[in-house]
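The following exercises concern one protein chain and its predicted model. Each task is followed by a solution in steps.

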Amino acid sequence: MNKIDLTDSLEKIAVKIFPNSGDGSAFVARQIADLIKQKEKEGKKTVIGLATGSSPKTLYAHLVRMHNEEGLSFKNVITFNLDQYYPMEKDALQSYHYFMRKNLFEHTDINPDNYHLPDGLIAKDKVKEHCLNYEKQIEEAGGLDLQILGIGVNGHIGFNEPGSGIYSKTRLVTLDHSTRMANAYEFGNMSEVPRMAITMGISTILKSKKIILMAWGQTKAPVIQKSVELDDTEDIPASLLQNHDDCVFVVDDAAASELTRFKSPWLTGECEWTPTMVRRAVTNLALKINKPVLSLTNEDYNENGLNDLLTEKGNAYETNLEVFYMLRDSITGWPGGKQNSSNHKHPERSEPFPKKVILFSPHPDDDIISMGGTFMRLHDQGHEVHVAYQTSGNIAVTDEFVTRFIDFAVGFESMFDIDETKSKKILDDAIAFLKTKRSSEKDTAAIRAIKGLIRRCEAKATCKYVGLTDAQIHFQNLPFYETGTIEKNPMGEADVQLTMELLKKIQPHQIYCAGDFADPHGTHKVCFDVVIEALKRIKAESLKLKAQSTQTTHDSPLTTHDWISDCWLWLYKGAWQEWDITEIEMAIPMSPDQVVKKRHGIFIHQSQKDSVPFQGSDDREFWQRAEERNASTAKLYAQLGLTQYAAMEAFVRWKY
């Protein structure tokens, strides 16, 4: 995102924006470290309110690193956590006690007596007393010097759901359905998510001397905009932070994308009218007043804050044409480029043709869900399409599927007089384990392997359905994913090396990669980072080898990875969200028959139908999400005055 230096904005809370969550987390970690050191100089303890969830994980990793490498001590730190599920055992994998121990406390020198969390197992009739005592403990410690917050997509802070009052204190609350859906990925299925939690209240949070709220990713963008730009309201609890004198939101580019200074900068001050900005402004205007682009008038521009654009361009008609052509030129039925085409405005190059293509799929079904129509069209148009399944996806298979498939294996062997002794033993062991399996317990290695095999077979069948051969199907099983739990490891060297090997082997002209970072598991983002790192390293190697080849006297030149200099990377979004219409650079239309064919391809993934583990805040099946998303994209193009198609898959080019 381009940073625009504006003298004015509509924000009522200070917002500090960083390129990514890593940089933002490092900034917050430094703020905490400086506070601890300052309080130490004053001979005082530092009292910090801490948050859990995905937002602060990288923050805690930075603090642990600073403790190990810079000598940052937590001996004089007292912490109070915002909340805890109720009921919840301390050692359960989903417990915030467990989260804090594993992510921070066990890796520092903090005194165990100095960190405090609400008790998720206290008797119901003792909860009120417990909450009052929690407030008293905070006061006796001197009050919170700093409160760290995350934010839910519905605006909750802590577990203060919409409707929470500004005077609310620590208490037992009932969780909103959207919150339980959003957190279902931690538990396996919705039925296991607690319905209640103990949380600090809004007034408790507002008593903190300083507040830092962190938010990362596109899914948080709408609620960030509402929280800082609209009037404060109990319907959006985070907006009540406008009433604090020292509060800052620390966000990444994606979470800041809906702020008016980025979304509609012409409304907040001077704006540089680049082609991209013109397209965004005119497209949003057309959608806002429900007019086709070519029907917009000078009055429409003037009445909706686009007078400056009209002044610069002179006439709405010419600007309308410019934007209409941009939208028209993004639509193509040839995702790999059209052979012998002289249209230089086509999203993809016409040559070389056919192309070698790698489609990276984070999970074993993202290929068909996210870009199934494009996948099939690339193959049908003669390109050499390879699919790289980056992870096994084993945690997204229900236990019931495991016993069903082992039972099939036993029956198969018995039917053909194969000794089923071993498979029957595996079945008995699996049934025995799953019968007593606790929520905090990992699957056995055998069960994880079977779950991975189930997804592998489904993915392979999907590729065969499209028309690929075995040589075009690649199962990477990247190591970062194989923890056996929802919590994944960071990207590792082995992940990058495996990806580099595949890229060098195929030498693609075109790559498709998941750019959908709203995936609640975080797997898509890690998979994306792995591909980008691999491409950057190969590019660096290529430049080095080229320099060496100009100096060598050998008869045969060095291999220089020339393919990397003209390899285009396209990003798709999947089950979780879609590209904004103003961002789309390539839109692939689909006929009704192609929509049905894609649906049948998704159906091959039987383990992901009907009851899907870890599906986030959307309870629709993946095929339903995909069809509705693709249909909505086509409808938007039609609404803007373009041809009406049944569905469209959308892509944005990423330059690495």
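**Exercise 1.** How many residues has the largest nonpolar core, and which residues have the most contacts inside it?

*Solution.* Step 1: the largest nonpolar core comprises 53 residues. Step 2: those with the most contacts inside this core are Trp-273, Tyr-301, Leu-503 and Tyr-637. Step 3: for Leu-503, set aside the neighbours within four places in sequence; the contacts are then Ile-358, Phe-360, Pro-508, Ile-511, Ala-534, Leu-535, Ile-538 and Trp-563. Step 4: another core, of 40 residues, lies apart from the largest one, and Tyr-60, Leu-72, Tyr-85 and Ile-212 are among its members.

**Exercise 2.** Determine whether Thr-283 is buried or exposed, and list its contacts.

*Solution.* Step 1: locate Thr-283 in helix α9, which covers residues 275-288. Step 2: the relative accessibility of Thr-283 is 0%, and buried means under 20%, so Thr-283 counts as buried. Step 3: not counting residues up to four places away in sequence, Thr-283 touches Val-323, Leu-327, Ile-581, Thr-582 and Leu-640.

**Exercise 3.** Determine whether Asp-145 is buried or exposed, and state where this residue is placed.

*Solution.* Step 1: Asp-145 belongs to the loop between α4 (127-140) and β6 (146-149). Step 2: its relative accessible area is 8%, under the 20% limit, and therefore Asp-145 is buried. Step 3: leaving aside neighbours within four places in sequence, Asp-145 is in contact with Leu-35, Lys-39, Lys-45, Thr-46, Val-47, Ser-208, Lys-209 and Lys-210.

**Exercise 4.** Describe the packing of helix α13 against helix α19.

*Solution.* Step 1: α13 (residues 366-380) and α19 (residues 592-603) pack at an angle of about 115°, and their axes are 9 Å apart. Step 2: their crossing is right-handed. Step 3: α13 contributes Ile-368, Ile-369, Ser-370, Met-371, Gly-372, Gly-373, Met-376, Arg-377 and Asp-380 to the contact, while α19 contributes Gln-594, Lys-597, Lys-598, Gly-601 and Ile-602. Step 4: by class, the residues of this contact are 5 nonpolar, 5 polar and 4 charged.

**Exercise 5.** Which residues does the cis peptide bond with omega of about -5° join, and which does the one with omega near 0°?

*Solution.* Step 1: recall that most peptide bonds are trans. Step 2: the bond with omega of about -5° joins Tyr-86 and Pro-87. Pro-87 is placed in the loop between β4 (83-86) and α3 (96-103). Step 3: the bond with omega near 0° runs from Glu-351 to Pro-352. Pro-352 lies in the loop between α12 (316-329) and β11 (356-361).

**Exercise 6.** Examine the backbone angle phi of Asn-340 and of Asn-477, and classify the exposure of each residue.

*Solution.* Step 1: most residues other than glycine have a negative phi. Step 2: Asn-340, although not a glycine, has a positive phi of about 60°. Asn-340 sits in the loop between α12 and β11. Its relative accessible area is 65%, over the 50% cut-off, so Asn-340 is exposed. Step 3: Asn-477 is likewise not a glycine and has a positive phi of about 50°. Asn-477 is found in the loop between β13 (473-475) and α17 (493-506). With a relative accessible area of 33%, Asn-477 is partly exposed.

**Exercise 7.** What pLDDT does the protein chain average, and over which residues does pLDDT stay under 50?

*Solution.* Step 1: the average pLDDT of the protein chain is 92, and 94% of the residues score at least 70. Step 2: pLDDT stays under 50 over residues 1-8. Step 3: for these residues the model has 15 contacts beyond four places in sequence.

Conventions: Residues are numbered from 1 along each chain as its sequence is written. This is a predicted model: local features need pLDDT of at least 70, side-chain atom pairs count only at pLDDT 80 or more; totals for chains, interfaces and linings use all residues. Side-chain values use heavy atoms; hydrogens and water are left out. Helices (H or I, at least four residues) and strands (E, at least two) are DSSP runs, numbered from the N terminus. Buried means under 20% relative accessible area, exposed over 50%, partly exposed in between (1.4 Å probe, protein chains only). Contact means heavy atoms within 4.5 Å. Axes are lines fitted to C-alpha atoms, for helices over the stretch in contact, and angles run from 0 to 180 degrees between N-to-C directions. A crossing is left-handed if the near helix is turned anticlockwise from the far one by less than a right angle, and right-handed if clockwise. Ala, Val, Leu, Ile, Met, Phe, Trp, Tyr, Cys and Pro count as nonpolar, Asp, Glu, Lys and Arg as charged, and the others, Gly among them, as polar. pLDDT is the predictor's confidence in each residue, from 0 to 100. A nonpolar core is a set of buried Ala, Val, Leu, Ile, Met, Phe, Trp, Tyr and Cys residues joined through side-chain atoms within 4.5 Å.
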